[in-house]
Amino acid sequence: MGSNSGFGERPIYDAQKRPITAGGFVDAGPVVFKDVTKEAGLALWTHTMGAKDKRLIIDTNGSGVGLIDYDNDGWLDIYLVNGSTFNALDGKETPPHAALFHNNHDGTFTDVAAKAGVTNDRWGFGVAIADYDNDGWPDIFVTNYGKNRLYHNNHDGTFTDVAEKAGVTLGNWSAGATWGDYDSDGRLDLFVSGYVHFDRNDLPYEKTKATGYSYCEFRGEPVMCGPRNLAGEPDHLFHNNGDGTFTDVSEKAGVADSVNRYYGLTPVFVDVNDDGKPDLLVANDSTLSYLYLNRGDGTFDDVSYTSGFGLNEDGREVAAMGVAVGDYMNNGLLDFAISDFSSEAKLLFQNEGNASFNEVSMFSGIGKVSIPFLSWGTGFLDYDNDGWLDLMFVNGHIYPAADRLDWGTSYAQRPLLFRNLHNGKFEPVPAVNGTGLAVVTSGRGAAFGDLFNDGKIDVVISPIDGQPVLLRNVNPDHHHWVELKLVGGPRSPRDAIGTTVHLTANGMQQRQDVLSGGSYVSTNDPRLHFGLADATDAGVAEIHWPSGAKEIVKLPDVDRIFTITEGKGITSAMCGGQACPAEATASAHPATPGKRP
């Protein structure tokens with residue numbers, strides 16, 4: 001989360017003398033998001049993490065958000081990880097509970113975490129959603145300081161923690177996680193990033209042995225120490241054995257990070273070079289970020305330097321927190337955005353092909369605007385359904401002193417939304433007073449998805465020490481759209497994680513990938529969303545399944561959520577949040593198989 005030194009850029013204030021991170025609002029402009037937290041019922045839950053003075057690194061990072069349809073009713077539910085306190089860990093006070101908000105289909109949500117058995121009375125950080133045992137029901141992996149949890153879905157609204165039996169508990173500080181079938185055996189494997197080795201008996205206050213007796217300050221102000229000068233935790237890759245257990249293959253695969261022990265935060269399995277095998281990204285804090293290419297033999301090749309992914313455009317390490325994945329150029333190649341510390345531009349990596357990246361934050365228009373903000377959750381989303389991916393960052397500082405001192409920034413911050421201009425550049429969307437972009441909160445985790453089944457992408461934000469924020473997409477466009485829920489066949493993961501879809505429609509081609517993990521230690525909507533602008537033809541989807549099969553499916557109509565099953569084409573559809581009439585899917589059977597890549 002950045003080095004504790006430096007003076008950075010000149011402070012920026014708005015006309016009301018507010019730091020630009022908590023100001024700069026306008027009275028008129030496009031209204032993209034509405035804050036519906038209270039009416040949705042989410043304001044009844046509060047995130048808690050550590051002490052209020054934030055003098056220890058464990059107090060500052062915040063937690064993630066997972067979007068999950070845990071009861072398979074076709075509507076996304078929300079899992080919010082909670083933190084903890086030392087007193088709670090010691091049994092001196094009631095531990096903060098995670099929330100599982102069930103979607104009531106009417107714009108409201110009900111917290112059923114206690115009934116479901118997923119309250120996680122530990123110090124929680126990340127969440128990765130996936131159907132790891134291919135039984136058709138999504139499961140929940142939660143990273144903790146202490147032992148991790150693997151909540152197996154019991155198919156009846158409840159979950160059972162099977163992490164001990166599965167062998168994935170670990171035990172110190174796990175930050176993020178991602179699921180992917182790295183060896184193409186049809187079973188999802190699990191990667192867990194290690195952050196800092198945190199010892200309760202040797203707390204990393206300044207001028208202590210744990211911090212190398214260093215004096216920790218930011219712009220002359222004494223602040224918490226870390227992560228630099230602290231011992232890191234290794235990363236772990238767990239191979240799915242297919243019997244409910246996992247085997248740690250980190251060293252064999254070459255992704256253990258056991259020597260450097262960089263400060264891993266958000267990992268993502270995704271096919272970077274389009275060879276049909278999931279590669280691995282790891283956003284590392286204050287160090288080189290990792291890009292591992294999958295060799296296809298159970299091992300990975302570290303191309304972090306040679307690919308251009310590991311550093312910013314100045315060749316420097318950054319405090320990478322979150323990762324956004326998407327083809328914002330609509331050229332079939334995956335690009336990446338990285339959230340970063342304040343006083344630094346947020347990163348945008350344009351894919352040049354062959355796993356080669358060019359960092360273009362300044363050229364793209366996101367760099368200068370983003371410098372004062374300290375960013376965490378991030379995502380590519382087509383908020384206006386014009387067929388081009390826009391980019392959002394969720395922000396919040398780690399030092400409470402930001403509100404007391406003249407740094408030109410603030411502890412709580414507003415989100416940033418950048419509109420894609422279709423030419424490789426973005427422009428900031430103004431924050432209109434009273435709208436979702438003007439919400440000022442200490443943002444951390446964020447997840448992106450269609451929570452209301454209306455074809456518009458919404459955002460759930462988890463702040464540190466506060467109530468979550470639900471930003472409903474109310475953009476006034478009347479553009480068309482289509483969403484795909486994919487179901488893998490016998491040789492693919494059941495939930496189709498690792499699938500790539502190229503949609504040809506409206507005279508253009510878009511790409512989306514089914515992922516588990518990303519943003520900042522969070523998991524987005526597993527359904528793939530495509531904006532169609534004014535087109536009334538939903539186009540043709542070319543689906544590259546993890547099994548190696550390729551399938552061509554003609555989509556019969558716009559403004560639908562289609563379920564596509566590998567080898568069977570469209571098997572169901574939702575219209576306006578309900579099952580479509582049978583004739584809505586009839587024209588799409590059967591699917592057309594393609595050649596294997």
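**Close-up views of a predicted model**

A search of the whole structure, which is a predicted model, finds two disulfides. With bonded cysteines counted along the chain, these disulfides follow the pattern 1-2, 3-4.

**View 1. The disulfide between C216 and C225.** The two cysteines C216 and C225 are joined by a disulfide, with a distance from S to S of 1.8 Å. A disulfide is assigned where two cysteine sulfur atoms lie within 2.5 Å. The torsion about the S-S bond of C216 and C225 is about 105°, and the disulfide is therefore right-handed. Are the two cysteines C216 and C225 buried or exposed? C216 is buried, and C225 is buried as well.

**View 2. The disulfide between C575 and C580.** C575 is linked to C580 by a disulfide, for which the S to S distance is 1.7 Å. The link of C575 and C580 is right-handed, with 110° about the S-S bond. Both of these cysteines, C575 and C580, are buried.

View 3. Strand 10 comprises residues 174-180. How many of the seven residues of strand 10 are buried? Seven of the seven are buried, so strand 10 is largely enclosed by the rest of the structure. A residue counts as buried when its relative accessible area is under 20%.

**View 4. The pairing of strand 10 with strand 11.** Strand 11 is formed by residues 189-194. Strand 10 and strand 11 run antiparallel and are joined by five bridges. Which residue of strand 11 stands opposite T178? The residue opposite T178 is F191.

Conventions. Residues are numbered from 1 along each chain as its sequence is written. This is a predicted model: local features need pLDDT of at least 70, side-chain atom pairs count only at pLDDT 80 or more; totals for chains, interfaces and linings use all residues. Side-chain values use heavy atoms; hydrogens and water are left out. Buried means under 20% relative accessible area, exposed over 50%, partly exposed in between (1.4 Å probe, protein chains only). Helices (H or I, at least four residues) and strands (E, at least two) are DSSP runs, numbered from the N terminus. Two strands pair if DSSP finds at least two bridges between them.
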